[in-house]
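Subject: Handing over the structure

Hi,

Here is the structure I promised to pass on to you. Please open it alongside this note, and then read on for what turned up in it.

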Amino acid sequence: MNIKEMKDRNLLLIEQLLEVWEDSVKATHLFLSKEEIENIKKYVPQALKRVSHLVMIENENNAPIAFMGIEDKKLEMLFIKNSERGKGIGKQLLNYAIEHYNVNELEVNEQNPNAKGFYEYMGFKTYKRTELDEQGNPYPILYMRLER
């Protein structure tokens, strides 16, 4: 498995990453309905194209299995194909983000306890909480900073 920074974000890559996103979200965002996932999915390709730094991990067949997006020193997104979870891929990506981009902030859905626990394990602490997400939906968001 190798980490790759994606400058060229062609249609095929966006489609592959969208599949990883959907697989990951369905497994981890159990608080979202199928309709909500489909609605959010419409905005993901745009986010993938616009994020400053898009970094992914491929498997031995050169297929994406995980990716993250970074803006300034903030982790904007990190998604791992469900079948690849628990193998250290998230840790690999987050360490890469910290080492190469000085990532020290992120946001996570409070209703995604595995992600929250992972980020805490990686040294992030909650400094703020909101009742609603950025779209005004009733999904509490935790704002976390790296404390070392």
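To start with a term used below, two strands count as paired if DSSP finds at least two bridges between them. Please also keep in mind that this is a predicted model.

**The sheet**

Seven strands make up an open sheet with mixed pairing, in the order E1-E2-E3-E4-E5-E7-E6. At its edges are strand E1 (2–5) and strand E6 (124–130), each of which pairs on one side only. On average, neighbouring strands in this sheet are turned by 25° against each other, direction ignored.

Let me walk you through some of the pairings. E1 and E2 are antiparallel and share four bridges, and here Lys4 sits opposite Met56 of E2. E2 also runs antiparallel to E3, with six bridges joining the two. One of the residues involved is Glu58, whose bridge partner in E3 is Pro64. The hairpin of E2 and E3 has five residues between the strands, and Asn62 takes a positive phi near 60° there.

Helix H4 (residues 89–101) lies across several strands: E1, strand E2 (53–58), strand E3 (64–71), strand E4 (74–80), E6 and E7. The helix runs at about 30° to E3.

**Glu107**

Glu107 belongs to strand E5. Leaving out residues up to four places away in sequence, Glu107 touches Lys74, Leu75, Glu134, Ile141, Leu142 and Tyr143. With Lys74 there is a side-chain polar contact of 2.5 Å. As for Glu147, it is 40 residues from Glu107 in sequence, and the two are 15 Å apart in space, C-alpha to C-alpha.

**Aromatic rings and charges**

How many aromatic pairs are there? The count comes to six. Among them is the pair of Phe31 and Tyr139, which is tilted, with 5.2 Å centre to centre and 50° between the planes. This pair links distant parts of the chain, 108 residues apart: Phe31 is in the loop between helix H1 (11–28) and helix H2 (34–41), while Tyr139 is in the loop between E6 and E7. Tyr139 counts as buried because its relative accessible area is 9%, and the cut-off for buried is under 20%. There is also an aromatic cluster formed by Trp21, Phe67 and Phe79.

Two charged side chains are placed over rings as well. Lys128 lies over the face of Tyr143, 4.6 Å from the ring centre, and Arg145 lies over the face of Tyr127, 3.6 Å from the ring centre.

That is what I have for now. Happy browsing, and do write back with any questions.

Best wishes

Definitions and conventions:
Residues numbered from 1 in each chain as written. Predicted model: local features only at pLDDT ≥ 70, side-chain atom pairs only at ≥ 80, totals over all residues. Heavy atoms only, no water. Axes fitted to C-alpha atoms, helices over the stretch in contact; angles between N-to-C directions. Contact = heavy atoms within 4.5 Å. Polar contact = N/O pair within 3.5 Å; in protein donor to acceptor, adjacent residues only side chain to side chain. Phe/Tyr/Trp six-rings, centres within 6.5 Å; stacked < 30°, edge-to-face > 60°. Buried < 20%, exposed > 50% of the residue type's maximum accessible area, 1.4 Å probe, protein only. Lys NZ or Arg CZ within 6 Å of the ring centre and 35° of its normal.
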